[in-house]
Amino acid sequence: MKKYLLLGLSLILSASLWAQERTVSGTVTDADTGEPVPGANVVVKGTTTGTITDFDGNYQLSVGENTTLVFTFVGYAPLEVAVGSRAVVDASLALDISELSEVVVVGYGSQQKKEITSSVVSLDEESFNKGNINDPSQLLQGKVPGLSVYNKGGDPNETSTIRLRGISTVGANTEPLVVIDGVIGASLNNVDPNDIETINVLKDGSAAAIYGSRGSSGVILVTTKSGKRGGGVSASYNTFVSAATVANEQPIMTPSEYIEAGGNDLGSRTDWQDEVTRTGWSNVHNLSVSGGSDKTTFRVSANYRNINGILEKSGFDQINTRASLNHYALNDRLKIGVNMSLTNRESNYSFNEALRYAVLFNPTAPIRNDQGNFFQAILFDNFNPVAILEQNINDGKRKEMNFNANLEYSLTDQLTVNANYGQQYGDDIRGEYYPRTSLFRGFNRGGLARRSVEDSRFTLFETYATYATGFSNVDLSVSAGYSFQEEEREDFYIELGDFPSDALGYYALETSGDRVTGKQLIDVASSATPESRIIAFFGRLNMTIDNGIFLNASIRREGSTKLGKDNQWGIFPAVGAGVDLTRYLDLGTFNVFKFRAGYGVTGSLPNESGLAQDLVEYDFQEGGRARLTRAANPDLKWEEKAEINVGIDFAAAGGKLSGTIDVYNRDISDFILERTVDAAIYETDRRFENAGKLNTKGIEVALNYQVANGSKFSWTPGIVASSYKTVLEEFIIDEQMRANLGAPGQNSTSMVRVAVGEEIGQIWGPVFTGDVEDGSQVLKDVNGDGNLNTAQGNALEDDGDFEQIGKGIPDLEIGWTNQITYGNWDLNAFFRGAFGHSLVNTFRAFYEPIDPGAINSYNRIKSDKQIPEITNAQFSSLYVEKADFFRLDNITLGYNFDMSSSSSFKSVRAYFSVQNAFTITDYSGIDPDPVLQDRGTVDNGGRLEGQPDVLSPGIDRRYNYFTARTFTLGLNVGF
Amino acid sequence: MRNYIKISIMASLVLAASACTDLDEELRGDFSEDFDPANPGLGQSGGGTDDGLSAAYAEVLNGTANHGGYFSVTEVSTDEAVITQKGGDWFDGGIWLNMHRHQWQSTNPGLLGAWNQSYAGIAQCNLLLQETKFNAEQVAQLRTLRAYFYWRLMDLFGNVKIVTEPGKDVEQSSRAEVFAFIESELLAVLPDLSTGRTYARANAWGAQALLARIYLNAEVYTGTARYQDAIDAADAVINSGVYDLSSSYADVFSPTNEDNIEHIWVAPFDESVGTGMNLAQMTLHYPSQLTYQLQQQPWNGYSTLEEFYNSYEDGDVRKENNFIVGPQYDIFGNPILDVAFDKADPDGAPVNYTPEINMLAPNGSRQAGARLGKFSFKEKQLPDMDNDFPLFRYAEVLLTKAEASARLNSNWSDPTALMLVNMLRERASVSEYTTMTEEEFLAERGREMFQESSRRTDLIRFGAWGNAWWEKAAHSDPNLNLFPIPNDQIQASQAETFKLTQNPGYD
């Protein structure tokens with residue numbers, strides 16, 4: 001890549017060759033107040049030549065003959081002024097009620113909001129979620145119509161599941177592409193929420209197509225804060241302390257209820273759920289300094305997070321620093337930018353299993369026996385939860401670093417070139433130790449240690465050029481570029497047992513007795529992915545006609561190493577058009593009425609490498625064998641998504657009411673899935689294939705209404721709502737059951753049906769009639785043939801008595817924000833809800849029946865839906881619950897202190913916030929939030945493996961973390 | 001000039017960029033086709049052979065003695081093994097209860113397991129048969145092994161695809177065609193196979209034993225009885241002089257049974273280089289971990305039917321060897337306890353395996369049922385056991401000859417049959433038969449071959465498959481003599497040229 005940097009340098013050197021004709025200067029002021037507007041853009045129309053006003057609103061710029069200057073600034077309407085022969089051109093900008101002039105980052109450049117013809121949502125700091133938020137995606141939860149962010153429970157060490165417009169892919173990467181400050185594929189883990197200025201979400205195909213094969217699941221563009229030119233130096237300090245409390249426990253039998261129901265009384269009384277949880281205190285500090293002279297801006301920040309979850313021991317300590325520097329040279333023709341960020345996180349993952357066993361463990365069992373040892377017994381899937389937490393270790397350290405350097409150079413007034421080089425590194429080391437006294441994983445092995453290391457690198461080089469021109473009433477901008485992305489990952493893992501002492505934990509692997517006798521027990525693995533590359537060429541055309549008609553088109557040709565030789569390259573086109581109808585029609589009260597439509601094709605790549613090649617594995621069976629374990633699929637190609645999006649942006653009643661409506665239709669073809677193949681023909685019965693087609697249709701609405709906008713009191717409620725439906729259009733298998741309920745006793749019990757021509761997310765099973773006979777549910781003769789056939793294996797048979805008993809995907813998701821200011825006070829209340837979805841309450845399905853054979857092993861769930869006569873566990877509609885909910889997700893009350901101008905503080909704000917204040921729901925489990933994908937079942941101390949299944953939504957599994965209610969007290973200080 | 005510079009800069013940028021379009025994928029942590037599967041190289045320290053055939057032979061280790069495949073469907077469907085529902089445990093959608101009751105479905109994962117395990121073995125044989133470096137004897141071995149896997153498919157599913165080249169789709173064959181294929185393959189390779197003793201490898205006697213087995217069942221498979229052929233094949237083994245009955249029945253199945261004189265062909269299970277035998281976990285109750293200091297917790301699944309247990313008379317060494325019954329103790333002699341014992345269980349917390357089982361479902365007692373102990377457990381057993389599992393052993397060949405002789409002569413007290421059966425009874429320390437009935441022969445064969453995946457085939461051949469037994473009603477549906485083709489595989493074949501058709505009665 002060195003040669004590109006050299007090229008960049010030569011660009012700089014040749015820059016001074018071009019000079020300008022004459023100079024104009026002036027002051028930009030606010031039309032209402034007359035105050036100067038610092039940082040406003042001043043651009044020569046039809047070119048990329050321009051500058052930014054200084055702290056006093058002054059600017060100076062070289063211009064040619066007959067030029068027109070365009071003045072823009074966020075929140076103001078753009079203003080065009082013909083220069084004529086004047087040497088001084090002042091401008092007073094009027095506030096833009098529609099905010100459509102806002103500049104929005106759209107990937108390889110930015111556009112004014114009005115020019116955008118696709119579905120893009122832009123959020124700034126003000127509208128982010130507040131409180132104890134450690135994962136940037138949570139800033140967006142509920143705020144963007146069509147974007148679902150769910151973190152079941154809120155384990156501080158888990159990242160959220162993010163879905164844009166439902167299922168965008170089946171077997172490929174389901175998470176949106178994240179772009180941080182222009183760096184594609186950056187990690188959200190390496191940016192502190194405090195450092196984020198704006199987040200833009202590109203929702204539809206026509207917006208995301210410029211990102212080609214990685215754009216199908218949507219694109220999230222993060223812009224971090226930076227210094228302002230001519231803005232002087234300022235500093236800020238943000239801090240909060242928060243207390244996370246257990247919001248909700250599983251309803252279980254008390255010890256006396258348990259004994260009465262037939263449980264063995266072991267003599268003690270223990271509230272296990274209480275024993276393994278706590279109030280998790282966290283504190284966060286963020287210190288930043290930013291500033292800018294005429295030529296140079298900078299921002300540096302340091303973030304410290306000490307986060308503790310509600311499960312004992314769970315949490316992390318994190319230090320993150322970020323620095324950005326921008327320098328403008330050669331009469332502002334050249335901009336050089338450098339960003340760096342470092343994160344060091346030390347996590348205690350603790351054991352989510354303790355939550356599961358706290359629900360299940362006999363409530364009459366003591367924590368410790370008379371000798372002071374933990375009470376433990378050899379039972380299936382049953383461990384003393386306090387012992388799990390106190391005896392064992394599960395922690396790790398993660399370091400992430402990234403940097404990128406960016407050059408932007410205006411070759412001529414019309415032509416700008418941009419080059420960006422970045423790298424990102426991640427390093428993760430983990431350790432687990434289970435002493436021989438721990439029945440959980442340690443006892444069987446005489447002590448067990450596990451260590452693992454993962455190291456990853458990502459390199460990006462991109463360059464593009466933009467040519468802007470204009471003639472009569474047409475503005476035109478054309479871009480073309482090249483992108484090179486390379487990713488690799490290496491890991492290493494070892495598990496050993498039989499330790500002479502537990503004292504050294506996982507730090508003394510050499511003392512493992514397995515080294516002498518271990519045979520197959522020594523578990524070692526190392527691996528490295530191929531250097532997986534994506535190479536692309538792309539181009540884009542933006543055209544504005546008459547400042548009222550907008551056309552956008554882009555094309556990207558992209559290749560990936562992950563696909564079959566003849567299918568590595570794909571083409572991803574997009575077109576979009578929009579028109580501001582208020583410019584041409586009298587629409588009465590509407591100030592803005594923009595109609596837009598876009599079509600775009602994006603792709604998806606499999607997560608794994610090597611799928612187009614045979615996979616030969618070696619093991620020691622029979623003394624050593626190599627065998628083909630996965631047949632190559634040389635025909636493997638892109639999963640492709642073609643999407644049409646039609647939308648309206650409007651503002652009415654003098655800007656008091658504004659809103660956006662989008663409807664879309666997306667066809668996902670050739671979706672990649674590891675599926676069952678004919679074992680007689682292939683060497684194994686599983687292979688990755690382009691297996692079928694999905695269609696999703698949806699609608700999204702966002703409305704804002706300014707109820708009051710006085711200087712004393714303002715209130716702006718906003719509502720976002722979305723709904724979608726995904727249908728499996730083609731699949732090699734007509735209908736199929738998925739999502740096994742699991743052990744104990746309910747393996748081979750599939751709960752989700754997938755069928756061609758029907759909607760995704762059908763929870764499928766026998767129907768409970770409400771009657772109980774001999775301890776068993778009386779199930780419904782669904783097909784009315786007089787013969788009850790509810791054996792699991794007949795779920796899809798004609799004579800099987802099964803039907804849809806729930807829906808995994810919600811019909812409607814809404815978010816309702818309220819921003820109220822009253823004098824110095826501000827109140828932010830955010831409600832969130834989802835409706836129409838159900839959840840399989842697996843805790844109830846296993847443990848609610850008062851089963852004489854199992855009650856001695858496990859405590860019983862006693863929900864308000866329990867039917868005490870039932871003594872046999874049998875999956876049915878009884879355990880599928882409507883999980884509609886409406887929640888006060890976040891309420892924040894803040895106070896801005898008045899600062900005298902002599903104070904050394906510029907601003908001081910204090911706030912108090914409650915997350916998950918209350919939830920209205922009929923769901924009897926821990927958390928009614930939808931579950932969009934299924935990670936499968938696990939038991940008896942086993943570990944979750946494999947990819948989550950997006951075709952099986954709606955299963956609330958037993959390993960989910962408990963939900964927290966969090967109280968936060970925070971302070972923001974500006975210097 | 002300026003424009004020239006600009007254009008050349010742009011051009012060089014674009015050119016430099018387009019040079020970087022290399023999309024070759026190089027695997028770094030995995031082997032691909034470059035790795036020669038017939039020459040695995042190192043890793044021989046476990047005592048395996050290095051004949052290059054391991055990739056194919058190792059496939060018999062999967063499913064022969066673990067849960068969820070060949071072993072499960074051939075045992076749980078019979079009267080010698082059962083998985084009861086123990087309260088909330090082992091219901092599993094009713095699949096094992098259905099199998100016990102002969103109401104299995106094509107979605108049963110055990111059937112899919114058995115199918116896939118067999119075809120995985122066939123695929124590895126086919127891959128190795130593409131190699132040119134094997135000598136005639138090795139090629140003959142691979143074809144014998146492949147024929148063995150096809151026998152499993154023919155026996156369980158009947159109508160399957162006979163694939164003999166990697167990746168080549170073919171039309172589904174009838175059961176009789178599969179029979180003909182197996183027979184012709186074995187007869188063709190017999191002259192090339194070794195006539196010496198081999199370990200975990202097919203030799204001429206393994207091929208003859210397989211021939212004897214298919215001939216004995218030929219009437220079931222093809223409609224035409226072949227008892228004389230069965231006798232001839234059995235005689236070939238008997239007269240070879242290579243094998244004999246082991247003086248100790250227990251030795252044939254113990255953790256140190258390697259190279260037992262009775263073994264003709266084994267699946268060479270080993271705790272490190274031959275994993276896949278999990279019988280201890282499958283049958284023992286959780287706390288029995290303490291009896292044997294097992295390195296993995298057992299699952300409390302399989303036991304035997306009381307009736308079958310009682311078919312052994314006291315003093316039969318096979319009864320002692322094949323089952324675990326009575327109170328259980330840890331290595332220090334203390335009774336082991338189940339703190340979650342059933343209130344209804346008169347034994348309370350101390351674990352006591354009783355041959356009597358209170359019920360099949362829903363509340364089978366956690367401690368009920370004699371446990372499957374034929375392949376005995378060793379202390380500190382790793383998750384995978386060390387005992388070799390005979391695919392063919394001398395005693396079976398004797399029983400085949402005995403039965404074929406009796407059937408050929410329509411006389412169950414046929415002297416040859418009596419003589420051969422009495423060899424086994426004598427070893428078991430039970431009195432010799434002077435006369436024998438068909439039922440007595442079937443029971444005797446059951447006692448001898450218990451837990452070796454033989455019972456299903458035997459019951460079908462004796463017309464006893466539809467008999468009633470504990471918690472299983474009588475039926476007379478001949479379609480049940482075949483299992484259904486796994487639903488997943490029927491569906492998957494829809495994407496191929498030749499689609500699989502379900503067996504009769506299962507549509």
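Residues are numbered from 1 along each chain as its sequence is written, and chains are lettered from A, with ligands numbered from 1, in the order in which they are written. In this predicted model, local features need pLDDT of at least 70 and side-chain atom pairs count only at pLDDT 80 or more, whereas totals for chains, interfaces and linings use all residues.

**Exercise 1. Determine whether the end-to-end distance of helix α8 of chain B agrees with its number of residues.**

Solution. Helices (H or I, at least four residues) and strands (E, at least two) are DSSP runs, numbered from the N terminus. The expected span of a helix is 1.5 Å times one less than its number of residues. Helix α8 covers residues 204–216 of chain B, and its 13 residues should therefore span 18 Å. The end C-alpha atoms are 18 Å apart, which agrees.

Next, consider burial. A residue is buried if 20 or more other C-beta atoms, placed from the backbone, lie within 10 Å of its own, exposed if 12 or fewer, and partly exposed in between. In α8(B), 13 of the 13 residues are buried, so this helix is largely enclosed by the rest of the structure.

**Exercise 2. Identify the residues that touch the most other members of the largest nonpolar core.**

Solution. A nonpolar core is a set of buried Ala, Val, Leu, Ile, Met, Phe, Trp, Tyr and Cys residues joined through C-beta atoms within 7 Å. The largest has 246 residues, of which B:Y150 and B:L210 touch the most other members. Neighbours within four places in sequence aside, B:Y150 is in contact with B:I122, B:I162, B:V178, B:F181 and B:I182. Another core, of 55 residues, lies apart from it and includes A:V106 and A:A702.

**Exercise 3. Describe the side of chain A that touches chain B.**

Solution. First, the extent: 82 residues of chain A are in contact with 98 residues of chain B. Helix α1 (residues 2–13) of chain A gives the most to this side of chain A, with five residues. By class, the side divides into 35 nonpolar, 34 polar and 13 charged residues. Here Ala, Val, Leu, Ile, Met, Phe, Trp, Tyr, Cys and Pro count as nonpolar, Asp, Glu, Lys and Arg as charged, and the others, Gly among them, as polar.

**Exercise 4. Classify B:R427 as buried, partly exposed or exposed, and name its contacts.**

Solution. B:R427 is in helix α16 (residues 415–427) of chain B. B:R427 has 18 C-beta neighbours inside 10 Å and therefore counts as partly exposed. Not counting residues up to four places away in sequence, B:R427 touches B:L245 and B:Y249.

How values were computed:
Two residues are in contact if their C-beta atoms, placed from the backbone, lie within 7 Å.
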